[in-house]
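Please look over the chain displayed here before reading on.

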Amino acid sequence: MPFAQIYMMEGRTEEQKRAVIEKVSTALVEATGAPQEAIRVWIDEVPKTNWGIAGKTAKDLGR
């Protein structure tokens, strides 16, 4: 059973997250040969205050 865990910064729409899950699932089916119903994909959203770039939070950088 293939698993994929994806970390992304908060702020994407539900539709965008669904699209990511769908595309990653399809890629895992193609790459592993596992059946679609065996694929597990989850997204962990990281708050902008918990994501740093060059010593500053993404929120401080306006991202």
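A residue is called buried when its relative accessible area is under 20%, exposed when that area is over 50%, and partly exposed in between, with a 1.4 Å probe and protein chains only. Helices (H or I, at least four residues) and strands (E, at least two) are DSSP runs, numbered from the N terminus. The model is a predicted one, in which local features need pLDDT of at least 70 and side-chain atom pairs count only at pLDDT 80 or more, while totals for chains, interfaces and linings use all residues. Residues are numbered from 1 along each chain as its sequence is written, and side-chain values rest on heavy atoms, with hydrogens and water left out.

The chain contains one helix and four strands, arranged along the sequence in the pattern β-α-β-β-β. Helix H1 comprises residues 14-32, 19 residues in number, and from its first C-alpha to its last it reaches 27 Å, close to the 27 Å expected at 1.5 Å a residue; that expected span is 1.5 Å times one less than the number of residues. The buried residues of H1 are Lys17, Ser25 and Leu28. They lie on the same side of H1 because they cover an arc of only 70° around the axis, the arc being that of the directions from the helix axis to the C-beta atoms. An α-helix has 3.6 residues a turn, so residues three or four places apart point the same way. The buried residues of H1 pack against strand E1 (3-9) and strand E2 (40-46), where contact means heavy atoms within 4.5 Å. On the face of H1 turned away from its buried side sit the exposed residues Glu15, Glu22, Lys23 and Glu30. Glycine 33 follows H1 and has a positive phi, near 80°.

Rings of Phe, Tyr and Trp (its six-membered ring) pair if their centres lie within 6.5 Å, and planes under 30 degrees apart count as stacked, over 60 as edge-to-face and the rest as tilted. By this rule there is one aromatic pair, formed edge-to-face by phenylalanine 3 and tryptophan 42, with 5.8 Å centre to centre and 75° between the planes. Since phenylalanine 3 lies in strand E1 and tryptophan 42 in strand E2, the pair ties together parts that are 39 residues apart in sequence. Phenylalanine 3 counts as exposed at 52% relative accessibility, whereas tryptophan 42 is partly exposed, with a relative accessible area of 33%.

Further along, isoleucine 53 lies in strand E3 (residues 52-53) and is partly exposed, with a relative accessible area of 26%. Leaving aside its neighbours within four places in sequence, isoleucine 53 is in contact with Leu61 and Arg63. Alanine 54, in the loop between E3 and strand E4 (56-57), has a positive phi of about 55° although it is not a glycine. Alanine 54 counts as exposed, at 79% relative accessibility.

The C-alpha atoms fill a box of roughly 45 × 20 × 15 Å, taken along the principal axes. Of the 63 residues, 24% count as buried.
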